[in-house]
Amino acid sequence: MAETGTAQCGPIRVALRASDAFLEHATGAYLQSCSRVNIVTQHGLPDADVSVMLMHSLNEDWLRVLRRDAARAVGAPVPVVVMADHVDERQLTTAVEYGLTSFLYRSSSSLEQLLDATIEASSGRSRIPDELVGHLISELGQQQRQQTLAQASRRGGLATREIEVLRMLSEGMSTLEISEKMSYSERTIKGIVHDTVKQLNCKNRTQAVACAVRAGIL
């Protein structure tokens, strides 16, 4: 198969789970046919770079799996890529809190797109359909918006470079691409992202971008 052009150094350790064994085996064989991907067992999840899940519906059972995975993580949850036929918008909001960074509809997405999304997730990129992004923004609510602005104000507000990093994340840029554009090390950019997520009282960078849009920061 053709290798994806997404920039990434070293093999990406992917924890893969699916709603049935055949789907998991077929998907795993495709993903691992890319030399950049190494499938690991779910027991090695805390050390994985990306968690990939395939199912019919992102339901309460799968949310419990996400919750358990997030509890096992040291620091931020492992980025999660979900491919499903159906998702309830409220459940999507909860899934984002547990590390979901990308969501693909099975009916309109190929395994090649899943591979691209997986590699992108390992470098900080996110893929979520536009209509679901709109829901995530609205779900933050006026109360959280006001609380977030008050917290940002008490801490001196977001610095110009923090806002710029959020803007580039919202445009789908990876931390490596942002570091090159801003002439900082990638480690510095990751530090800025981490501090900004905490300052906005969010769970991860996907929620931070949505929160910044809702708050009028972006």
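## Close-up views of a predicted model

Of the contacts in the chain with a separation of 6 or more, 72% join residues 24 or more positions apart. The model is predicted. Its chain has 218 residues, and 47% of them are buried. The secondary structure comes to 10 helices and 5 strands.

**View 1. The largest nonpolar core.** This core holds 21 residues. Met53, Met55, Leu58, Leu66, Val82, Leu100 and Phe103 have the most contacts inside it.

**View 2. Leucine 58 and its contacts.** Which residues does leucine 58 touch, not counting those up to four places away in sequence? They are Leu66, Ala84, His86, Val87, Gln91, Ala95 and Leu100. Another core, of 19 residues, lies apart from the largest one. Leu114, Leu115, Ala117 and Ala121 are among its residues.

View 3. Which residues of H3 are buried? They are Gln91, Leu92, Thr93, Ala95 and Val96. An α-helix has 3.6 residues a turn, so residues three or four places apart point the same way. Glycine 99 follows H3. The phi of glycine 99 is positive, near 115 degrees.

**View 4. The second largest pocket.** The volume of this pocket is about 320 Å³. Its lining is made of 15 residues. Ser126, Val133, Leu169, Ser170 and Val209 are the closest to the pocket centre. H5, helix H7 (160–170) and helix H10 (205–214) each supply at least two residues of the lining. Which helix gives the most to the lining? H10 does, with 5 residues. By type, the lining divides into 8 nonpolar, 5 polar and 2 charged residues.

**View 5. Glutamate 177 in helix H8.** Glutamate 177 has its place in H8, which spans residues 175–182. Is glutamate 177 buried or partly exposed? Its relative accessibility is 29%, so it counts as partly exposed. The side chain of glutamate 177 reaches the backbone nitrogen of serine 174 at 3.0 Å. Leaving aside neighbours within four places in sequence, glutamate 177 is in contact with Arg125 and Gly172. Isoleucine 189 is 12 residues from glutamate 177 in sequence. In space, the two are 9.9 Å apart, C-alpha to C-alpha.

**View 6. Serine 183, in the loop between H8 and H9.** Helix H9 (186–199) lies on one side of this loop and H8 on the other. Most residues other than glycine have a negative phi. Serine 183 is not a glycine, yet its phi is positive, about 60 degrees. Serine 183 counts as exposed because its relative accessibility is 64%.

**View 7. Asparagine 201, in the loop between H9 and H10.** The place of asparagine 201 is in this loop. What is the phi of asparagine 201? It is positive, at about 60 degrees, although asparagine 201 is not a glycine. The relative accessible area of asparagine 201 is 42%, so this residue is partly exposed.

Terms used. Residues numbered from 1 in each chain as written. Predicted model: local features only at pLDDT ≥ 70, side-chain atom pairs only at ≥ 80, totals over all residues. Heavy atoms only, no water. Core = buried A, V, L, I, M, F, W, Y, C linked by side-chain atoms within 4.5 Å. Buried < 20%, exposed > 50% of the residue type's maximum accessible area, 1.4 Å probe, protein only. Contact = heavy atoms within 4.5 Å. 1 Å grid on protein atoms, 1.4 Å probe; cavity = no way out; pocket = protein on both sides within 12 Å on 5 of 7 lines; lining within 4 Å. Points joined across faces, edges and corners; volume = space filled by probe spheres on them. Helix = DSSP H or I, 4+ residues; strand = E, 2+ residues; numbered from the N terminus. Nonpolar A, V, L, I, M, F, W, Y, C, P; charged D, E, K, R; others polar. Polar contact = N/O pair within 3.5 Å; in protein donor to acceptor, adjacent residues only side chain to side chain.
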